[in-house]
Amino acid sequence: MAATQLARSNRDWRQRDVRVLVAALIVAVATVATIALYASHLERTLVTSASAFLAGDRQLERENGQPVPQAWRDEAERQGLATARMVEFSTMVFGGGNFQLVSVKAVSDSYPLRGQVEFQADTDAPRQMLSHGPGPGDVWLNPRLLRLLGLEIGGTVEVGNRDLKVTGLLIREPDAGFSMSALAPRIMMHADDVPATGVIQPGSRVEYVNLFAGADDALERFHAWLEPKLGPSDEWKSIQDGQALSDSLTKARRFLLLGGSLAVLLASVAVAVASRQYAMGQRDTVALLKTLGVPGRRISRLYRVRLLVWGMTGTLLGILLALPVFWGLASLTAGMLDRKMDYSVDVLSLWPALVTALVALFAFAYPPIQRLRRVPAMRVLRSQPGEAGRGVWMDVVIAVIAVFGLLWLYAGELWMVLALLGGLAALLGILALAGWLLVLGLRRVVGSGNAWRLALVGLYRHRRASLSQIAVFAMTLMLAATLILVRSSLLDDWQAQLPADAPNHFLINIGPEAVDEVRDFLGKHDLSTDELYPMVRGRLTEINGKPVREAVSKDREVRALNRELNLTWMQDLPSDNQIVKGNWFQPGQTEGLSIESELAQRLGVTLGDRLTFTIGSQTITEPVTSIRTVQWDSMKPNFYMVFPPGGALDGLPATWITSFYLGSSRKGILNDFTRRFPTISVLEIDHIIDRIREIVQQVTQAIEAILAMILAAAIVVMAAVVSATLQDRQREGALLRTLGGRQRLLVNSTMLEFALLGLFAGILGVLAGEVAVWALQYRMFEGAFHWHWRVVLLLPLVSAAVLAVFGRWQLNPVLRVSPMLLLRRLE
Amino acid sequence: MATGSDILKVTDLTHEVALGSGTLRILHNVNLSIGAGESVAIVGRSGSGKTTLLGLLAGLDTPTHGRIELDGQPISQMSEDERASLRARRVGFVFQSFQLLPALTALENVMLPLELAGQTDASDQATELLRRVGLGERLQHTPRQLSGGEQQRVAIARAFAAHPKILFADEPTGNLDNNTGQAVSDLLMALNREQGTTLVMVTHDEHLAARCGRQLHIEAGEVSENGVVPAQGVAV
C-alpha cells in the first residue's frame with residue numbers, strides 16, 4: 001500500500017528536508033555530546049591536576065592535637081580509597097652547632113597521593129620530581145635552612161630525641177599551600193619517626209592531616225560516612241575549597257555548562273527549523289494520502305515511525321561524530337598538561353546528548369509533523385487561505401517549555417536558565433515590535449529597478465519568511481554573543497586577577513623595629529610592594545556580649561571561630577576591597593571595626609553589633625562600623641577584621657606582613673634578605689601562582705575551543721535556515737532573469753536583502769545577548785557588567801557580511817545556468 | 001511570409017547539448033523569420049524541440065550555431081545581461097506551468113516586470129491589468145489559492161504588463177481543461193490584438209494553433225511551414 005511504500009526510509013533520504021533534519025539532529029547531538037564529554041574530561045583532568053595542591057583529592061585536617069583514628073583510615077581503604085598521613089608541627093632543631101625554629105612536616109610512605117615532591121640530592125645536583133617523601137631516619141631540609149644551620153648533605157639534625165640524617169633538599173612540596181602558620185623554614189621527615197622524637201606532648205600545637213584519593217563516588221560515600229563523626233576542629237577539604245583556584249574552576253565549569261546549554265538551544269533551533277520545513281513540504285503528500293483513503297491516525301503513526309528512525313540515525317551518527325572531535329580536543333589539552341592522553345569516554349556524560357536528541361525530536365520536530373494529520377484532503381485541489389500559519393504559537397510554547405526544562409535539567413543553574421530566558425524574551429519582544437515597524441515602514445517602498453529598492457521590497461514581500469529568519473538568526477547570534485561576551489569578561493577577569501606582576505612572595509613576622517628597614521630594602525631593590533600591614537593575632541570570643549559559641553547557631557560551620565584571626569589596622573581601604581554596608585573609617589576615627597562580608601553573613605553579624613576579641617590576656621570590644629568585600633584571590637594580604645589606626649589594637653604586640661613581586665631571575669635577593677633579616681619569614685608562592693596561571697591557561701584554551709565549536713554550530717544553523725528557502729529563491733532568481741533582470745541587479749539586490757536581514761538580526765541578537773550577559777554576570781560570574789561596544793558594533797556587521805555571502809552563494813546556480821534550463825529544472 | 005518589418009529573424013540555427021557520451025542535436029539548421037504583429041504557432045510532437053526553439057528565440061539560452069535577431073538586435077551574439085535588458089523592454093512570457101512566485105500575491109507577481117523596468121506606478125498598472133483579466137477581486141491571493149485558469153490569467157497579465165513587442169507562450173493551455181483553456185486563449189488573443197503584440201506560441205492544442213495566423217511544424221529538430229520542409233538555406 002502507498003502508505004507503507006512512503007515510509008521507506010531510502011525514499012525519504014532523497015528529500016532535501018529530511019537530510020537537513022537529520023543533519024541538524026547530528027549536529028545537535030554531536031555538539032552537545034562533545035561538550036559534555038569534554039567538560040567531564042576537562043573536569044577530571046583539572047581536578048586531578050589541581051588535586052596536586054592538596055597532595056590528594058581530599059584532606060582531613062585535625063587541629064585538636066589528636067591523631068586521626070585508625071578506624072577512619074580503615075573505612076576509607078575499605079571504600080577503595082588510597083590514604084596517606086601527615087603530621088605538622090613547629091619545633092626547635094639542632095644541627096651544625098646551631099638551633100633553629102623549623103616547621104616540620106612528617107609524612108607516611110604513600111605521601112603524596114597526587115602531585116610530586118621536588119627534590120635535590122645536593123645543592124648542585126639536578127632537581128628531581130619524586131612521588132615519595134624521605135624514608136625513616138632521613139630528613140630533607142629547605143635549602144635556606146641548610147645554610148642557616150651551616151650543615152652539609154649527610155650531616156645530622158636533632159629533632160627532639162631523634163637524630164635524622166640529611167639526605168637531600170626539599171625544594172617544593174605539592175601541597176605547600178600558603179598558610180600563615182608556615183612561618184619557619186621547612187623540614188620533611190618520615191611520620192614513623194615522630195613518636196621517637198618525643199616532641200609531641202599533650203597540649204602541643206600539632207596538626208594531623210589525612211590525605212585521601214580515589215574515585216569521586218567513593219570519596220562521596222566516605223565523606224557521607226565520616227561527616228557525622230567530625231568534630232568542630234576537623235576540617236574536610238577538597239580542591240574546591242581553596243579560594244583562588246576554586247573560583248577560577250567554578251567559573252570555568254559554569255562556562256562549560258553555559259556552552260553546553262547554548263549548544264542545546266542552538267541544536268533545538270536547528271531541528272525545529274528543519275522539521276517545520278519538512279512538515280510544510282509534506283502537506284501535499286499527506287493530502288494525497290488522505291485522498292487515497294489513509295486515515296489520519298495511520299498518517300500520524302507513519303510519521304512517528306519515520307521520526308523515530310531518523311532520530312535514532314541522527315543520534316547514533318551524532319555520537320559517532322562526537323567521539324573523534326572529543327579525542328581531538330582532549331589530545332589538545334593533554335599536550336598542554338604534559339600528561340598521557342586519556343582516551344576513556346565517560347559514557348554517563350553522554351546523557352545530555354541523548355536527552356537533547358529525544359527532546360529535540362518530540363518537542364521540536366514532532367508538533368509540526370503531528371499537525372500534518374490535520375491537513376485537509378481538499379489541499380490536493382487547492383490550498384485554503386491561512387492554512388500555513390495555523391498552530392505555530394502552540395509549537396513555540398511547547399518548544400520554550402521543553403528547552404528550558406532541558407536547560408534546567410542539564411545545567412541545574414536556575415539563574416543561567418532565567419538569564420537566557422530573559423534574553424530570549426527581550427529578543428522576542430523587540431522582534432515583534434521591529435517586525436511591526438518593518439511591515440509598516442516597508443509597505444510604502446516601491447521597487448523600481450534599483451537594487452536597494454528591490455532588496456527592501458523583497459524583505460517586505462517575504463515578510464513571513466524574513467521575520468522568522470530574522471528570529472532564528474537573532475537567536476543564534478544572541479547565543480553566540482552571550483558566549484563571546486561571557487568569555488571575554490571571564491578572561492579579562494582572570495587576567496586582572498593574576499597580572500604578570502601579581503605578588504608572589506610574602507614577608508611575615510616583621511617586627512615593629514624592622515618595618516622601616518624592610519621598606520628601605522624593598523625600595524632599594526626596586527621591588528614594588530603593597531602596603532606593610534600590622535598583624536595582631538586574636539580570637540573572636542563574644543558577639544554583643546554573648547559567648548560566640550552561643551551567639552552563632554550550631555549548624556553554621558564557622559571555621560574562623562576555631563582559630564586565631566589576623567587582625568590589622570589601616571587608614572586607607574585597599575583598592576580591591578569594597579564597602580557594602582556602613583562607612584570606612586574617617587581620618588581621626590579610632591572607634592569601630594570593618595568586617596569581611598561573607599564572614600559577617602556566616603556569623604549573622606551586622607552593623608552596630610559589638611564584637612569582643614581576646615588577644616593574649618587582654619580583651620577588646622568594638623562595634624561593627626562597616627562590612628566590606630575582599631578579593632581573596634588577589635594574592636595580597638587580606639584580612640577579615642580591620643581596625644582604624646590608633647584604635648582598639650593600638651599598643652598591642654604586632655608583627656607586620658607584606659607581599660611583593662620578584663621575578664625568578666632575581667631570586668638571589670632573597671639570600672641577601674634572609675642574611676640581613678634572619679627573623680623574618682619569606683613565603684615563596686611563585687610556584688602556586690605559576691600553577692594557577694597554567695591551569696587558567698588550559699581552561700582558557702578549552703573555552704576557546706568550545707566557543708569555536710558553538711560558533712561553527714551557529715553557522716550550520718544559519719546555513720540550514722537560509723537553505724530552507726533555497727529553492728524559492730532560485731526560482732525567483734530564474735524568473736527575474738527571464739523577465740529581464742540584469743545579473744548585477746539580481747546579485748546586488750539579493751546581497752543587500754540578506755545583508756539587511758543579517759544586520760537587523762545582528763543588532764537584535766547582540767542586544768538580547770547583552771541582556772543575558774548582564775543577568776549572568778550579575779548572578780553567576782560575579783563580575784561587573786559593562787557594555788561591550790566592540791562586539792555590539794562588530795557582530796551586526798559580521799552577520800550582515802556572512803549572510804550577504806550566503807545570499808550570493810544561493811544565487812550561484814541562478815547565474816551560471818541559462819534561465820531556460822533553470823526554469824525547467826525547478827518545474 | 002517574411003516581411004520588411006521582421007521582428008524575429010533566424011539564420012542557420014543549430015542547437016546541440018553535451019551528453020555524457022557525445023552530443024545530442026536538438027535543432028538542425030533552422031531558418032525562419034516572423035513579422036511584427038504576426039501570431040505564429042509552433043507545433044510538433046513531444047521532444048521534437050519546440051520548447052528549446054522557443055527559449056532560443058526568446059534569448060533565454062544561446063544556440064550552438066547560427067544567428068538570431070530579435071527586433072533588429074543579434075541576440076545570439078549578446079551577453080546574458082544584454083539579452084536580459086532586451087527581454088525587460090521587448091519580451092513577455094507565458095509558461096505552461098505558470099511560473100508564478102508562490103510567496104508573492106497575484107498583484108505582486110504582476111508588478112514584478114514593471115518594477116524591473118523601473119516604473120513607479122507598478123501597483124496601479126498591475127491592478128488595472130488584473131481587472132482586465134477578470135481577477136480584480138483576487139489581488140491579494142497567492143498562487144496556491146487560485147485555480148489553474150486563474151493562475152494562468154495572472155501569468156498573462158504579468159506577460160502583458162511591460163507592454164512587450166513580442167510575447168512567447170509555451171503551451172499556455174497545456175495544464176488547463178478545455179473550457180478554461182478556451183477562455184485563457186481567448187484572453188491571450190484579445191490582449192495580443194489590443195496591444196498589437198507579436199505572438200509566438202508552442203502548443204499541442206490544434207484549435208489554438210488554428211487561431212494563429214501561421215503554423216510552423218517541427219519534427220526531429222527541423223522546422224517546416226505547414227509541414228513542408230524547405231530547401232536548405234531558404235527562408236520560409
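Predicted model: local features only at pLDDT ≥ 70, side-chain atom pairs only at ≥ 80, totals over all residues.

Mentor: Residues are numbered from 1 along each chain as its sequence is written, chains are lettered from A and ligands numbered from 1 in the order in which they are written, and side-chain values use heavy atoms, with hydrogens and water left out.

Trainee: Why is Ser76(B) called buried?

Mentor: Buried means under 20% relative accessible area, exposed over 50%, and partly exposed in between (1.4 Å probe, protein chains only). Ser76(B) has 15%, so it counts as buried. Ser76(B) sits in the loop between β5 (73-74) and α2 of chain B; helices (H or I, at least four residues) and strands (E, at least two) are DSSP runs, numbered from the N terminus.

Trainee: What does Ser76(B) touch?

Mentor: Leaving out residues up to four places away in sequence, Ser76(B) touches Thr62(B), Pro63(B), Gly66(B), Arg67(B) and Ile68(B). Contact here means heavy atoms within 4.5 Å.

Trainee: Why is Asp12(B) called partly exposed, and why is His163(B) called exposed?

Mentor: Asp12(B) has 38% relative accessibility, which falls between the two cut-offs, so it is partly exposed. His163(B) has 51%, which is over 50%, so it is exposed. Asp12(B) is in strand β1 (residues 6-18) of chain B, and His163(B) is in the loop between α5 and β7 (166-170) of chain B. Phi is near 50° in Asp12(B), a positive value in a residue other than glycine; for His163(B), phi is likewise near 50°.

Trainee: Which residues of helix α4 of chain B are buried, and what do they pack against?

Mentor: In α4 (residues 122-132), they are Ala122(B), Gln125(B), Ala126(B), Thr127(B), Leu129(B) and Leu130(B). These buried residues pack against α3 and α5 of chain B. Just after α4(B), Gly134(B) takes a positive phi of about 85°.

Trainee: How do you know that chain B and chain A form an interface?

Mentor: 34 residues of chain B are in contact with 35 residues of chain A. The two chains bury about 3,100 Å² between them, 60% of it on carbon and sulfur atoms; buried area is the accessible area (1.4 Å probe) that two parts lose on being put together, summed over both. The elements of chain B that give two or more residues to this side are α1 (50-57), α2 (80-90), α3 (106-116) and α5 (148-161).

Trainee: How many salt bridges and polar contacts cross that interface?

Mentor: The rule finds 0 salt bridges, a salt bridge being a side-chain nitrogen of Lys or Arg within 4 Å of a carboxyl oxygen of Asp or Glu. Polar contact joins 2 residue pairs across the interface, both at pLDDT 80 or more.

Key:
Polar contact = N/O pair within 3.5 Å; in protein donor to acceptor, adjacent residues only side chain to side chain.
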